[in-house]
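Subject: Structure handover

Hello,

Here is the structure I promised to pass on. Please open it and keep it beside you as you read my notes.

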Amino acid sequence: MPFSSLGLIPSLLRAVSAKAYLAPTPIQAAAIPAALQGRDVLGSAQTGSGKTAAFVLPLLQQLDATAFESPRRVSALILVPTRELCAQVGEEIRKLAEHMPRAVKVSIVFGGVSINPQMMRLRGGTDIVVATPGRLLDLLDKNALSIGSVQTLVLDEADRLFDLGFAEELGRILRLLPEQRQNLFFSATFPPAVQALAHTLLRDPVRVEVIPALESVPDIVQRAIAVDTGRRTQLLRHLMAENRWSRVLVFVATKHAAEMIADKLRKARINAEPFHGELSQGKRTQVLADFKASRLKVIIATDVAARGLDIAQLPVVVNFDLPRSAVDYIHRIGRTGRAGESGVAVSFVSVDTEAHFRLIEKRQGLSLPLEVVAGFEPVHTTTVAELSAAGSLFDTSNGGIKGHRPSKKDKLRAAAAQAQFNK
Ligand code: AMP
């Protein structure tokens with residue numbers, strides 16, 4: 001199906017062809033016509049599926065049909081959970097709006113940087129606001145803008161925005177929006193609780209679901225490697241050298257680990273930087289820019305980087321520490337294999353994290369063989385190494401290892417992992 005059959009105006013068709021988007025992705029083909037008709041949309045789509053253009057194109061078309069007012073009034077509000085995603089969405093709008101007959105003014109607002117330039121930009125009004133919730137509220141409190149004229153509300157990564165951390169802020173923002181509006185909610189995952197919440201806000205939504213089961217995503221090869229906790233940095237270096245990985249995004253559980261491992265790699269003359277929430281926004285932007293420009297080989301990141309980042313040609317994601325949940329796992333590995341490129345996602349699994357990893361597998365309907373790399377055989381559990389060497393898989397049905405009854409310790413570990421999921 002070509003873009004021209006979606007009902008888009010010529011200036012937007014020109015923009016998609018300038019971006020070399022040859023045909024709509026499945027989420028675009030399904031969501032764009034519905035959004036153009038003014039319907040609410042609940043879209044669940046994998047990261048990298050092209051969901052940004054799926055909501056940006058209809059917003060721009062709506063703007064094109066709206067009479068120009070001076071000062072400009074905010075017609076679309078896009079809420080996102082992270083600063084990086086904010087910048088990325090803003091960039092996509094800028095490019096797709098390039099050929100619009102009248103200039104579209106987009107304001108990007110997020111915390112961690114000075115509020116004054118954002119206030120200046122909002123003077124004279126704006127057409128579209130892309131915002132993280134906290135900073136948007138700060139600006140609203142300062143009367144820097146009004147969102148009473150919003151015709152369309154977009155929630156990108158809606159599951160995160162409905163999280164407890166954002167719930168109160170989101171509630172305050174919703175109360176300031178007109179009741180009559182279009183809602184476009186997108187997310188990689190829609191757990192039942194989020195769906196229930198979304199349905200209280202949506203009116204007769206068109207449900208668009210194009211989540212492929214992870215195992216059927218052809219361009220991300222998932223691997224799990226058994227390794228003792230203390231040897232993971234060495235294994236990472238070994239894999240980088242052996243596979244000649246050009247760029248690697250490594251996920252860890254804490255800021256401290258990010259700093260420490262980046263330090264170790266730098267001592268081994270590998271160009272690495274940590275990436276976590278305590279770095280200044282300037283530093284985070286710089287690290288990403290260096291990584292994207294291949295000046296940096298490795299980023300050691302906390303889950304701050306798990307969502308939204310779009311890095312072309314990122315061949316490898318490594319779960320040095322396992323993610324807390326299956327949802328985080330999807331987001332992390334979605335950083336690679338974007339826009340049709342191929343990618344590899346490697347998870348390091350130690351004796352202490354086996355049970356947790358099996359739960360992630362179970363949630364994903366996956367069954368990965370646990371590989372053992374020569375020279376890095378785990379010594380803390382002979383069972384893991386022996387079973388893997390023999391090609392056995394874990395039995396996920398009882399939380400134990402195939403052919404073995406789960407020990408008391410196994411059960412405790414599985415219960416602890418389950419508790420993490422239920423958090
Ligand atoms: P997103 O899921 O919105 O983050 O998009 C992921 C990547 O896909 C971005 O780099 C987009 O530029 C790209 N993209 C979006 N739509 C298309 C399309 N129709 N054809 C090719 N690439 C696309």
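Which kind of contact joins the side chains of aspartate 263 and lysine 267? They meet in a salt bridge, at 3.5 Å from N to O. Before you go further, note that this is a predicted model.

**Salt bridges**

Stay with that pair for a moment. Both residues sit in helix H11, which covers residues 255–267. They are four residues apart, or about one turn of the helix. An α-helix has 3.6 residues a turn, so residues three or four places apart point the same way.

How open are the two residues? Lysine 267 has a relative accessible area of 68%, so it counts as exposed. Aspartate 263 has 33%, so it counts as partly exposed. The pair also belongs to a network of salt bridges, which links Asp263, Arg266, Lys267, Glu273 and Lys283.

The whole structure holds 25 salt bridges. Another one joins aspartate 127 to arginine 102, with N and O 3.8 Å apart. This pair links distant parts of the chain, 25 residues apart. Aspartate 127 is in the loop between helix H5 (116–122) and strand E4 (128–131). Arginine 102 is in the loop between helix H4 (83–96) and strand E3 (106–109). Aspartate 127 is buried, because its relative accessible area is 3% and the cut-off for buried is under 20%. Arginine 102, at 23%, is partly exposed.

Aspartate 290 has a relative accessible area of 19%, so it counts as buried.

**The sheet**

Now find the open sheet of seven strands. Its order is E10-E11-E9-E12-E13-E8-E14, and the pairing is parallel. Strand E10 (272–275) and strand E14 (370–371) are the edges, and each pairs on one side only.

Take one pairing as an example. Strand E9 (residues 248–251) runs parallel to strand E11 (residues 298–301), and four bridges join them. Valine 248 stands opposite valine 298 in E11.

Which helix lies across E9 and E11? It is helix H10, residues 232–243. H10 also lies across strand E8 (220–226), strand E12 (316–319) and strand E13 (343–349). Its angle to E13 is about 155 degrees.

Glutamine 28 lies in helix H2, residues 26–36. Is it buried or exposed? It counts as buried, because its relative accessibility is 3%. A polar atom of its side chain lies 2.9 Å from the backbone oxygen of glycine 50. Leaving out residues up to four places away in sequence, glutamine 28 touches several others, including Phe3, Leu6, Gly50, Ala53 and Ala54.

Helix H3 covers residues 51–65. At 1.5 Å a residue, its 15 residues should span 21 Å. Its end C-alpha atoms are 22 Å apart, which agrees. H3 is mostly covered, with 13 of its 15 residues buried.

**The whole chain**

Last, step back. The protein chain has 16 helices and 14 strands. It has 423 residues, and buried residues make up 54% of them.

Best wishes

How values were computed. Residues are numbered from 1 along each chain as its sequence is written. This is a predicted model: local features need pLDDT of at least 70, side-chain atom pairs count only at pLDDT 80 or more; totals for chains, interfaces and linings use all residues. Side-chain values use heavy atoms; hydrogens and water are left out. Two strands pair if DSSP finds at least two bridges between them. Helices (H or I, at least four residues) and strands (E, at least two) are DSSP runs, numbered from the N terminus. Contact means heavy atoms within 4.5 Å. Axes are lines fitted to C-alpha atoms, for helices over the stretch in contact, and angles run from 0 to 180 degrees between N-to-C directions. Buried means under 20% relative accessible area, exposed over 50%, partly exposed in between (1.4 Å probe, protein chains only). A polar contact is a pair of N or O atoms within 3.5 Å; within protein, one must be able to donate a hydrogen and the other to accept it, and residues adjacent in sequence count only if both atoms are side-chain atoms. The expected span of a helix is 1.5 Å times one less than its number of residues. A salt bridge is a side-chain nitrogen of Lys or Arg within 4 Å of a carboxyl oxygen of Asp or Glu.
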